[in-house]
Amino acid sequence: MSPLSAIRSLLASQQLDAVLISSRQNKFCHTGLLSSSGYVLITARSQHIIVDFRYYAELAAKTTHYQLHCSDAAHSPWQIINQIVAAEGLQRIGFEGNHLSYDESQRLASQLAGSLQSTNLDGLRRIKTPQEIATIRQACRIADNACEHIRQFIQPGMTEQQVAAELEWFMRQQGAEKPSFDTIIASGVRGAMPHGKASDKVINAGELVTLDFGAQYQGYCSDMTRTFLVAAAATPHPLYDIYQIVLQAQLAAIAAIRPGVPCQVVDAAAREVIKAHGYGEQFGHNTGHAIGIDVHENPRFSPSDTTLLQPGMLLTVEPGIYLPNLGGVRIEDVVLVTESGCEVLYQMPKTWLTTGEDLPREH
Ligand SMILES: [Mn+2]
């Protein structure tokens with residue numbers, strides 16, 4: 001279904017005369033522009049894009065199926081929208097209450113003619129189109145290449161920030177617009193912090209280092225985590241067994257993914273493995289989340305999310321175990337739900353790997 005048809009079905013099912021779209025995420029499929037500025041207004045019989053001077057020329061060159069309006073000091077977006085409201089006799093108008101601040105909602109209510117009703121459009125992005133899947137595949141490929149590059153790059157004595165800078169530079173060289181979120185590099189005891197952003201801490205031989213990062217490519221995100229041993233003599237590592245438990249949990253969750261399965265069942269598949277080894281309390285976050293234009297979307301692989309998986313959904317699978325004052329392990333893939341099961345979008349191995357060493361040969 002095209003984005004316009006999807007919105008029109010929503011208008012019919014929610015008895016709305018129009019919907020005013022303001023979030024960057026939900027305007028993107030109509031404008032091709034990832035910006036918080038401007039509005040998209042879709043009624044039963046017409047569709048409009050309202051932007052200011054800064055975006056007008058770019059959109060004028062590529063907009064075909066939408067009426068394009070330029071707002072300026074003499075014609076505010078509200079005046080333009082109200083003219084359309086009056087011309088088509090629109091009454092019930094949906095707006096994105098979940099994306100607006102309290103003040104923005106108040107302003108909308110005071111400026112816009114018609115009766116407003118908050119409606120959530122995020123659900124329309126749950127099942128990705130073939131084009132979106134192809135774009136996210138490329139975002140994942142960039143992260144995947146960067147992951148092996150950085151595994152070869154890391155040397156004891158570097159700071160986490162130096163490693164993050166190299167990782168982000170490499171992704172940009174591969175076509176990434178930017179990192180999809182602040183790069184997490186958590187080495188040694190900092191590994192116990194699930195979201196330990198890269199710091200000035202020096203990475204030492206014998207520590208584990210968790211790297212959680214992603215590339216934004218053509219507006220879409222990837223998200224990937226691997227935990228490596230920093231080049232060290234081959235001695236038994238205190239976190240080796242923890243690593244194997246996290247990997248087993250991650251593989252159990254992936255094995256549970258197929259159409260029709262509730263998200264909470266996938267979360268439980270990972271959580272049960274970790275609980276069975278006595279580390280339930282040390283896995284204090286969800287198993288994963290949907291991903292797309294936003295790095296974190298719904299549904300979630302959480303204990304309470306009952307959403308049924310459908311082909312075309314993309315989610316992360318990222319269990320972890322975190323031991324205060326000792327360190328932590330997390331392993332994360334992006335997974336595409338297919339007709340028969342799922343496909344992992346990364347090639348990077350998940351076995352216990354040491355920085356700088358050759359990858360083990362596949363048989
Ligand atoms: Mn993630």
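1. E297 and K128 form a salt bridge in which the closest N and O atoms are 2.9 Å apart, a salt bridge being a side-chain nitrogen of Lys or Arg within 4 Å of a carboxyl oxygen of Asp or Glu. Because E297 lies in strand β14 (residues 297–301) and K128 in the loop between β6 (115–118) and α6 (130–153), the pair ties together parts that are 169 residues apart in sequence; helices (H or I, at least four residues) and strands (E, at least two) are DSSP runs, numbered from the N terminus. E297 is buried at 7% relative accessible area and K128 is buried at 6%, where buried means under 20%, exposed over 50% and partly exposed in between (1.4 Å probe, protein chains only).

2. The model is a predicted one, in which local features need pLDDT of at least 70 and side-chain atom pairs count only at pLDDT 80 or more, whereas totals for chains, interfaces and linings use all residues. Residues are numbered from 1 along each chain as its sequence is written, and side-chain values use heavy atoms, with hydrogens and water left out.

3. R125 and D122 also meet through their side chains in a salt bridge (3.3 Å, N to O), with R125 buried at 11% relative accessibility and D122 partly exposed at 25%. Salt bridges with shared partners join D122, R125, K128 and E297 into one network.

4. The count of salt bridges comes to 17, and among them is the contact between the side chains of K62 and E58 (3.9 Å, N to O).

5. The manganese ion is coordinated by D223 (OD), H289 (NE2), E318 (OE) and E332 (OE) at 2.0 to 2.4 Å. Donors are N, O and S atoms within 2.8 Å of the metal (3.2 Å for Na, K and Ca), and since water is not among the atoms, sites may look incomplete. Along the chain the donors follow the spacing D-x65-H-x28-E-x13-E. D223, in the loop between β11 (220–221) and β12 (224–229), and E318, in the loop between β15 (314–317) and β16 (320–323), are 95 residues apart; D223 is buried at 2% and E318 is buried at 8%.

6. The count of disulfides, each a pair of cysteine sulfur atoms within 2.5 Å, is 0. C140 is in no disulfide, the nearest cysteine sulfur, that of C221, being 9.9 Å away, and C140 is buried at 0% relative accessibility.
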